[in-house]
Amino acid sequence: MNNGGNIMKNAMDKEIYLSGLYDYYGALLTDKQREYFENYYFNNLSLAEIAENYNTSRNAIHKQIKDTENKLLYYEDKLGLCRKSLEIMEIIKELDEDIIEQIEELI
């Protein structure tokens with residue numbers, strides 16, 4: 001499985017990358033996985049705070065978040081939607097303005 005390659009050089013890059021993957025693949029996660037991920041990455045709650053909110057252990061939350069991260073990376077490795085989208089955006093930058101407008105209307 002691809003670990004995100006050079007995109008995940010540091011913690012901030014990792015958070016941005018995983019948030020982007022969540023945009024593409026979040027619907028494929030379970031409700032709990034989405035809740036834990038959103039609380040941790042978007043609501044900036046600590047593992048202890050999430051554990052307290054869900055009446056479970058910090059380790060259980062940590063494991064769920066790691067499993068969710070790995071699942072997002074797995075989906076990207078297999079489907080490549082995020083990578084393909086970035087590649088399309090690079091190609092679009094080189095196109096004529098009229099064509100760009102037409103494509104943006106479709107996206």
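Predicted model: local features only at pLDDT ≥ 70, side-chain atom pairs only at ≥ 80, totals over all residues.

Visitor: How many aromatic pairs does the structure hold?

Guide: The structure holds 9 aromatic pairs.

Visitor: Why is the pair of Tyr22 and Phe42 called edge-to-face?

Guide: The ring centres of Tyr22 and Phe42 are 5.4 Å apart, and pairing requires centres within 6.5 Å. Their planes stand at 75 degrees; since the label applies over 60 degrees, the pair is edge-to-face.

Visitor: What makes this pair a tie between parts of the chain?

Guide: Tyr22 belongs to helix 1 and Phe42 to helix 2, so the pair ties together parts 20 residues apart in sequence.

Visitor: How do you know whether Tyr22 is buried or exposed?

Guide: Tyr22 has a relative accessible area of 9%, and buried means under 20%; Tyr22 is therefore buried. Phe42, at 38%, falls between the limits of 20% and 50%, so Phe42 counts as partly exposed.

Visitor: Which residues do ring pairs link into a cluster?

Guide: Ring pairs link Tyr22, Phe37, Tyr40, Tyr41 and Phe42.

Visitor: Which residues of the largest nonpolar core touch the most other members?

Guide: Of its 18 residues, these are Leu18, Leu21, Phe37, Ile61, Ile65 and Leu72. Helix 1 (11–25), helix 2 (31–42), helix 3 (47–53) and helix 4 (58–79) each supply at least two residues of this core.

Visitor: What does Leu72 touch beyond four places away in sequence?

Guide: Leu72 touches Leu18, Leu21, Tyr22, Tyr25, Leu29 and Phe37.

Methods:
Residues numbered from 1 in each chain as written. Heavy atoms only, no water. Core = buried A, V, L, I, M, F, W, Y, C linked by side-chain atoms within 4.5 Å. Buried < 20%, exposed > 50% of the residue type's maximum accessible area, 1.4 Å probe, protein only. Helix = DSSP H or I, 4+ residues; strand = E, 2+ residues; numbered from the N terminus. Contact = heavy atoms within 4.5 Å. Phe/Tyr/Trp six-rings, centres within 6.5 Å; stacked < 30°, edge-to-face > 60°.
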